[in-house]
Amino acid sequence: MLTGEDLRCPICLTAFSISEEGHSLVCGKHHVYDVAKQGYVNFFGGNAQKMYRNSKELFKARRIIYEAGFFGGLQERMENLFHDLVSGEKKKILEIGCGEGTVSSFLAGKYPMHDFLGLDISRDA
């Protein structure tokens, strides 16, 4: 299982702990990042979300293409590469820019012994 200690604060690079209430990540220098009710943590400040105004529609379109099998060859190649990289002991896998988590979900289904975490700037992810 992934914990707050698996992540580092983007400001000071110290490990996080999870607040007593379980609603925030707090680093060793007391920088606090709240967990949204949807389950995501936004590590970006300011107006970073403006870049992804239409992400819900983009994710929906990508899902349709994905489910139609368009990425089948790429998916097979990813699985083969992943298998070669993670053979052996349990690993913690971080996918940065995961969107809605299609790749992590696919690989987690094939390799349930590993822990997967996906990060994305879009709140619709």
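This is a predicted model: local features need pLDDT of at least 70, side-chain atom pairs count only at pLDDT 80 or more; totals for chains, interfaces and linings use all residues.
Trainee: How many helices and strands are in the protein?

Mentor: Helices (H or I, at least four residues) and strands (E, at least two) are DSSP runs, numbered from the N terminus. From that end, the elements run β-β-β-α-α-β-α-β. That gives three helices and five strands.

Trainee: Are helices α2 and α3 parallel or oblique to each other?

Mentor: Helix α2 covers residues 72-86 and helix α3 residues 102-110; they pack with their axes 11 Å apart, at an angle of about 55 degrees. Axes are lines fitted to C-alpha atoms, for helices over the stretch in contact, and angles run from 0 to 180 degrees between N-to-C directions. Angles under 35 degrees count as roughly parallel, over 145 as roughly antiparallel, 65 to 115 as roughly perpendicular and the rest as oblique. The two helices are therefore oblique.

Trainee: Is their crossing left-handed or right-handed?

Mentor: A crossing is left-handed if the near helix is turned anticlockwise from the far one by less than a right angle, and right-handed if clockwise. For α2 and α3, the crossing is right-handed.

Trainee: Which residues of α3 meet α2?

Mentor: Contact means heavy atoms within 4.5 Å. On the α2 side, look for Q75, M78, E79 and F82. Their partners in α3 are V103, F106, L107 and K110.

Trainee: What do the buried residues of α3 pack against?

Mentor: In α3, T102, S104, F106 and L107 are buried. These buried residues pack against α1 (55-67), α2, β4 (92-96) and β5 (115-119).

Trainee: How far apart in space are K110 and E79?

Mentor: K110 lies in helix α3 and counts as partly exposed because its relative accessibility is 44%. Although K110 and E79 are 31 residues apart in sequence, their C-alpha to C-alpha distance is 8.3 Å.

Trainee: Is S19 buried or exposed?

Mentor: Find S19 in the loop between β1 (16-18) and β2 (24-27). Not counting residues up to four places away in sequence, S19 touches S24 and V26. Its relative accessible area is 15%, so S19 is buried.

Trainee: Which residue's backbone nitrogen does the side chain of S19 reach?

Mentor: A polar contact is a pair of N or O atoms within 3.5 Å; within protein, one must be able to donate a hydrogen and the other to accept it, and residues adjacent in sequence count only if both atoms are side-chain atoms. Here the distance is 3.2 Å, and the backbone nitrogen belongs to H23.

Trainee: Which residues is H31 in contact with?

Mentor: H31 is found in the loop between β2 and β3, and H31 is partly exposed because its relative accessible area is 25%. Leaving aside neighbours within four places in sequence, H31 is in contact with C9, I11, C12, F16, L25 and V26.

Trainee: What is the phi of H30?

Mentor: H30 sits in the loop between β2 and β3 (32-34). With a relative accessible area of 63%, H30 is exposed. H30 is not a glycine, yet its phi is positive, at about 70 degrees.

Trainee: How far apart in space are K90 and H114?

Mentor: K90 is in the loop between α2 and β4, and K90 counts as exposed at 51% relative accessibility. K90 and H114 are 24 residues apart in sequence, and from C-alpha to C-alpha the distance is 5.3 Å.

Key: Residues are numbered from 1 along each chain as its sequence is written. Side-chain values use heavy atoms; hydrogens and water are left out. Buried means under 20% relative accessible area, exposed over 50%, partly exposed in between (1.4 Å probe, protein chains only).
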